[in-house]
Amino acid sequence: MTQELPRLRNLSNVRSEDVWRPIYDEMLPRVYHYFAYRVGDRRTAEDLAATTFEKAWKARRQFKREKGAVDQWLFGIAQRVLADHYRRQELCARDIESHSIETDFSLEQTVENARRYLKLNRLLDNLPDRSRELISLKYGGGLNNREIASLTGLTESNVGTILHRVVEDLRKQWEDDNE
Amino acid sequence: MNDKFLYEARPTLSDDFADELYARISRSSRSLPARNEHPFASPIAKAFAIACFILLVLFASSTEVRAQIGIMARNLARRFQAGPSHLVGNIIVVDVPPSRTQIAPSQSIQLTSIEIPVSNLDEIFASHIVIPTWAPDGCDLNPLARTYQGDPQPSAMLIWSCGIEEENWQISLTVNKAAMIGHFPTDSYEQRDLDIGQVLIVHGNWYKIGDDLEWKMGSTSIYWDRENHLYQLYSPSDRTSNKDLLKMASSAE
C-alpha cells in the first residue's frame with residue numbers, strides 16, 4: 001500500500017486519465033492479489049483483474065464518493081467479476097483446482113515466492129467460501145475490516161472474529177507444514 | 001496475531017502485465033469499441049436508424065420548400081383524419097390518432113453509410129453541428145458518428161453508450177439537414193423553451209404492427225431546429241429521465 005492511498009480515498013471522481021493512473025498503480029496489485037487468493041491461479045487472477053479495470057474504466061462516471069471510497073468501489077466491481085467468472089465456468093470457489101499454478105511460475109517470480117503462494121493456496125482451498133473471501137479481501141486486497149464489512153454485508157466485529165479464527169487456523173497449518 | 005505469512009505469500013504481479021493492461025485500457029478509450037459492443041450493433045439502434053431515414057425520406061425537405069410541406073401536412077392530416085397541424089419551432093406537428101394505418105407503403109431504401117469522427121461532422125454538413133456537451137453519469141459519446149450520404153441530404157447519428165454489461169442502453173442524436181412533419185397523437189408531445197430555443201418533447205414512438213402503426217410509450221425524443229438542421233435526441237427507455245434528457249439537449253453547443 002502506498003502513501004497515495006489516503007489521497008485516492010478522498011477523490012470525488014475518477015473520470016480523468018490524470019486521476020486514473022495513480023488509482024491504477026495503487027489498486028491493480030491489490031485487486032490482482034485479491035483474485036490470486038480467491039481463485040488460486042495467477043493467470044486467471046490476471047484475467048479477472050484486467051476485466052475489473054476495464055469495467056471500472058468504462059463505468060468511471062458512475063463512481064460516487066458518497067457511496068464509498070475508490071478502493072471499495074473497485075472491489076465491488078471485482079466481486080461481480082468473480083461472480084460472473086464462477087457463473088461462466090460453472091465452478092464454485094471450492095471446486096477450483098490449483099493444478100495450473102504448479103507450472104505457472106514466471107521467470108521474474110522467485111521460487112520462494114511461488115512456493116509460498118502454492119502452499120497457501122492448498123490451505124485456502126480447504127476454507128469455506130466466505131472465509132476465503134474475507135482472507136482474500138484482507139490480505140490480497142489490503143482492505144480493513146470496516147471496508148470488508150460493507151462489501152460482504154457482515155458486521156465489522158463479525159469480520160474481525162471470523163478473520164481472527166481463520167488466520168489462527170491457517171497459521172497453525174502453515175507452521176505444521178514447515179516442520 | 002501473526003499474519004505475516006499471508007502477506008508474504010502474495011504472488012508477484014508482472015510489470016509487463018500491468019503496463020500492457022494500462023495501454024489497452026487507454027487505447028480503448030480513444031478507439032473504436034469492440035465489435036460486440038459496437039453502438040450500431042444493437043437492434044434498437046438499427047431499427048431507429050431505419051425509422052429515421054424512412055421519416056427523412058417521407059417527411060423531409062429543405063427549408064426553402066417549407067410552405068409546400070405545410071400544404072402537404074394539411075393534406076396528410078385530412079387524408080388520415082388527423083387533427084390540426086401547427087408549428088413548434090420550425091417543426092410541423094400534425095395530431096393523429098394513436099393507432100392508424102401507415103401513411104405510406106414500406107419502402108426499401110438503399111443508403112450509403114459511413115462512420116466518421118464526430119469532430120468531422122461540420123465538414124459533412126458544411127455547417128456547425130451542435131452536440132450536447134453534458135451527458136448523464138455513465139454515458140460516453142462514441143467518437144464515431146454514422147453518416148448517411150443519401151438523398152435528399154446527408155444525415156448523421158451519434159450514440160452515447162450508457163451503463164455497463166447487461167445494464168447498458170443508448171441515447172442517440174440524429175441530425176438531418178431538413179425540416180420535419182411529426183405525426184404524433186395528441187397529448188404525446190409538449191413544447192418547451194430551453195437555452196437552445198423552442199423544443200418539442202415527444203413521449204413514445206410508433207411501432208409497426210401488421211399493416212398498422214401503434215403508438216407506444218416508454219421512449220422519449222426531444223426535437224429542435226437550429227440553422228436549418230433538425231435534431232432529435234432520443235432515449236429508447238425510461239432509464240434516462242426526462243430531466244437528464246432535457247439537460248443534455250440544453251447543453252448542445
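Trainee: Which side chain meets Arg24(B) in a salt bridge?

Mentor: This is a predicted model, and across the interface of chain A and chain B the rule finds one salt bridge. A side-chain nitrogen of Arg must lie within 4 Å of a carboxyl oxygen of Asp or Glu for the pair to count. Here the N to O distance is 2.8 Å, and the partner of Arg24(B) is Glu54(A).

Trainee: Which helix gives the most to the side of chain A that touches chain B?

Mentor: Several helices of chain A each supply at least two residues to that side, among them H3 (42–58), H5 (111–125) and H8 (156–178). The one that gives the most, with ten residues, is H2(A).

Trainee: How many residues of the side of chain A that touches chain B are charged?

Mentor: In total, 41 residues of chain A are in contact with 32 residues of chain B. Those of chain A divide into 20 nonpolar and six polar residues, while the charged ones come to 15.

Trainee: Where in chain B do the two cysteines of the disulfide lie, and how many residues apart in sequence are the parts that they tie together?

Mentor: The disulfide joins Cys139(B) to Cys162(B), with an S to S distance of 2.1 Å. Cys139(B) belongs to strand E5 and Cys162(B) to strand E7 of chain B, so the parts tied together are apart in sequence by 23 residues.

Trainee: Is Cys162(B) buried or exposed?

Mentor: A residue counts as buried when its relative accessible area is under 20%. Cys139(B), its disulfide partner, has 2% and is buried. Cys162(B) has a relative accessibility of 1%, so Cys162(B) counts as buried.

Definitions and conventions:
Residues are numbered from 1 along each chain as its sequence is written. Chains are lettered from A and ligands numbered from 1 in the order in which they are written. This is a predicted model: local features need pLDDT of at least 70, side-chain atom pairs count only at pLDDT 80 or more; totals for chains, interfaces and linings use all residues. Side-chain values use heavy atoms; hydrogens and water are left out. Contact means heavy atoms within 4.5 Å. Helices (H or I, at least four residues) and strands (E, at least two) are DSSP runs, numbered from the N terminus. Ala, Val, Leu, Ile, Met, Phe, Trp, Tyr, Cys and Pro count as nonpolar, Asp, Glu, Lys and Arg as charged, and the others, Gly among them, as polar. A disulfide is a pair of cysteine sulfur atoms within 2.5 Å. Buried means under 20% relative accessible area, exposed over 50%, partly exposed in between (1.4 Å probe, protein chains only).
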